[in-house]
Amino acid sequence: MDDKERSCNEMFHRVDDFATPRTADFPAGSRGQELIALVRAAIADFDKHSAAQSSGASDARRSTSNKEAARTALRDDLDQISRTARAMAFQIAGLDQKFRLPRYLNDQKLLETGRAYAADAPAFKDAFIRYAMPADFLEDLAADIAEFEATSQNQNLGIENQVTGSVGVDTARELGMNAVRQFDAIVRNKYRDDPATLAAWERARHIERTTRSKKSPPAPTPPAQ
């Protein structure tokens, strides 16, 4: 939730606080009562979706860090297998091409290459081990592929939840603002002869504006001597 959204949500709470002690002025079935209910629904939706938004952002950040570690581990596996295959190609012709590492590896290409190595390497397992590869290098490769897949999925899910939460927050804000604008007309009509209540209403519906600090102007260039 950014500052603008937070200020809007705080305003909804103040509007609710304004209306609560004046419930008798907005009886059941009146438009005023309906609009207050809409504001309260907006508050509930705001809280729910902002929590999902924040949780999704946190999950995405954590998964991004985990994914980076998993990417490094998988890339190291592929580098080791490819480097060893180049040496083995002196005895097994063409092995360097079978385990040739693409120059550019985005996430999808990294997974595709890892799966290809995992499918092709078992036929040469003993030869790889003769070149001092760990006896469980295939198991390590499979585990690192699975970890990279899992962290990628978690990152995507976190981003999806963040985006969904943001959309929900925007919807709640729009619905709540529409209700407040309509309720404003009712309040002004009902309390037109009550300046104290109108002043309280103005304070309730006011939204604090976030201000950006202005950059200092650059120092003037001294004249040439």
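**Note on the predicted model: helix packing, rings and selected residues**

1. Aspartate 16 touches Arg40 and Ile43, leaving out residues up to four places away in sequence. Contact here means heavy atoms within 4.5 Å. Aspartate 16 sits in helix α1. Helices (H or I, at least four residues) are DSSP runs, numbered from the N terminus. At 18% relative accessibility, aspartate 16 counts as buried, because buried means under 20% relative accessible area, exposed over 50% and partly exposed in between (1.4 Å probe, protein chains only).

2. A word on the basis. This is a predicted model, in which local features need pLDDT of at least 70, side-chain atom pairs count only at pLDDT 80 or more, and totals for chains, interfaces and linings use all residues. Residues are numbered from 1 along each chain as its sequence is written, and side-chain values use heavy atoms, with hydrogens and water left out.

3. How do α1 and α2 pack? Helix α1 (residues 3-19) and helix α2 (residues 31-88) meet at an angle of about 145 degrees, and their axes are 10 Å apart. Axes are lines fitted to C-alpha atoms, for helices over the stretch in contact; angles run from 0 to 180 degrees between N-to-C directions. The crossing of α1 past α2 is left-handed. That term applies if the near helix is turned anticlockwise from the far one by less than a right angle.

4. Which residues make this contact? From α1 come Glu5, Asn9, Phe12, His13, Val15, Asp16 and Ala19. They meet Ile36, Val39, Arg40, Ala42, Ile43, Phe46, Asp47 and Gln53 in α2. By class, the contact of α1 with α2 has 8 nonpolar, 3 polar and 4 charged residues. Ala, Val, Leu, Ile, Met, Phe, Trp, Tyr, Cys and Pro count as nonpolar, Asp, Glu, Lys and Arg as charged, and the others, Gly among them, as polar.

5. Now the rings. The whole structure holds 10 aromatic pairs. Rings of Phe, Tyr and Trp (its six-membered ring) pair if their centres lie within 6.5 Å; planes under 30 degrees apart count as stacked, over 60 as edge-to-face and the rest as tilted. For phenylalanine 128 and phenylalanine 137, the centres are 5.4 Å apart and the planes at 50 degrees, so this pair is tilted. Phenylalanine 128 is buried, at 0% relative accessible area. Phenylalanine 137 is buried too, at 5%.

6. Ring pairs link Phe18, Phe26, Phe183, Tyr191 and Trp201 into a cluster. Arginine 22 places its charged end over the ring of phenylalanine 18, 4.1 Å from the centre. Lysine 190 lies over the face of phenylalanine 26, 5.8 Å from the ring centre. For a charge to sit over a ring, NZ of Lys or CZ of Arg must be within 6 Å of the ring centre and within 35 degrees of the ring normal.

7. Is threonine 113 buried or exposed? Threonine 113 is buried, at 8% relative accessibility. Its place is in helix α4 (residues 107-120).

Definitions and conventions:
Helix = DSSP H or I, 4+ residues; strand = E, 2+ residues; numbered from the N terminus.
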